[in-house]
Amino acid sequence: MTDAASPDPQQAPLPPDALAGRLAEIFDLVGPLYRRAHRKVEQTAPAEGLSVGVRAVLDLVREHGPMTVPQMGRAQALSRQFVQRMVNDAVARGLVEAVPNPAHQRSPLIRLTETGGAVIGAVHEREHAMLRQVGGDLTEAEVAACVKVLTRMLAFLDDVDVNPPETARNGPSRSAGGDKEESGHPPNASAAPREERT
């Protein structure tokens, strides 16, 4: 009788010190990846004239349906003030519109217009064609593992308050997105844009 096969060391959970070192490697990669992706969006968006922030708003409501400004902020780990500015820009261009929210009178839902849907759809078609060129013989299991690790890291930092102190005192601006509300947030979305300073 032969002994049972020894477990694969690469399949065993890492001890805390080793895990910390490997996760630090991921952080080192995420920064440059984000900055290059951000720049790529800026380079390809001129056809639709989208900023990275407005693009993020369109992505969120395309994926999750109508959302409030606070929900968008939580999903993208961005301050409500920044999201509000992006929503205002999108509303001014006719890409999204504010509609009544039955769950919270002073925090309307933001939804895509027909124009907004067509614009973000065209962006996704171009990006899909670009991402098809990544290659590298990546497997479904490898991509799923990457998503799992990044999701776990994001969840670990979920309690970080992304709103500046004055938000807690004064609340968000009252515009297309309305007031702060206390509803739950949708699943995390990807590709959070940098908070652009003017």
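## Salt bridges

A salt bridge here is a side-chain nitrogen of Lys or Arg within 4 Å of a carboxyl oxygen of Asp or Glu. In this predicted model, the count by that rule is four salt bridges.

One of them joins the side chains of Arg 22 and Glu 25, at 2.9 Å from N to O. Both residues belong to helix H1 (residues 16–44), and because they are three residues apart there, about one helical turn separates Arg 22 from Glu 25.

## Packing of H2 against H4

Helix H2 spans residues 52–64 and helix H4 spans residues 80–92. The two pack with their axes 9 Å apart, at an angle of about 85°. H2 is therefore roughly perpendicular to H4, since angles of 65 to 115 degrees fall in that class.

On the H2 side, the contact is made by Gly 53, Val 54 and Val 57. H4 contributes Phe 82, Met 86, Val 87, Asp 89 and Ala 90. By type, the residues of this contact comprise six nonpolar, one polar and one charged.

## A nonpolar surface patch

Which residues form the nonpolar patch on the surface? They are Met 130, Leu 131, Val 134, Leu 138, Val 143 and Val 147, and together they have about 540 Å² of accessible area.

Helix H5 (114–131) supplies at least two residues of the patch, and so does helix H6 (140–156). Val 134, another member of the patch, lies in the loop between H5 and H6.

Conventions: Residues numbered from 1 in each chain as written. Predicted model: local features only at pLDDT ≥ 70, side-chain atom pairs only at ≥ 80, totals over all residues. Heavy atoms only, no water. Axes fitted to C-alpha atoms, helices over the stretch in contact; angles between N-to-C directions. Helix = DSSP H or I, 4+ residues; strand = E, 2+ residues; numbered from the N terminus. Parallel < 35°, antiparallel > 145°, perpendicular 65-115°, else oblique. Contact = heavy atoms within 4.5 Å. Nonpolar A, V, L, I, M, F, W, Y, C, P; charged D, E, K, R; others polar. Patch = residues over 30% accessible without salt bridge, like charges linked within 9 Å, V, L, I, M, F, W, Y side chains within 5 Å. Areas by Shrake-Rupley, 256 points an atom, 1.4 Å probe, with all protein chains shown as cover.
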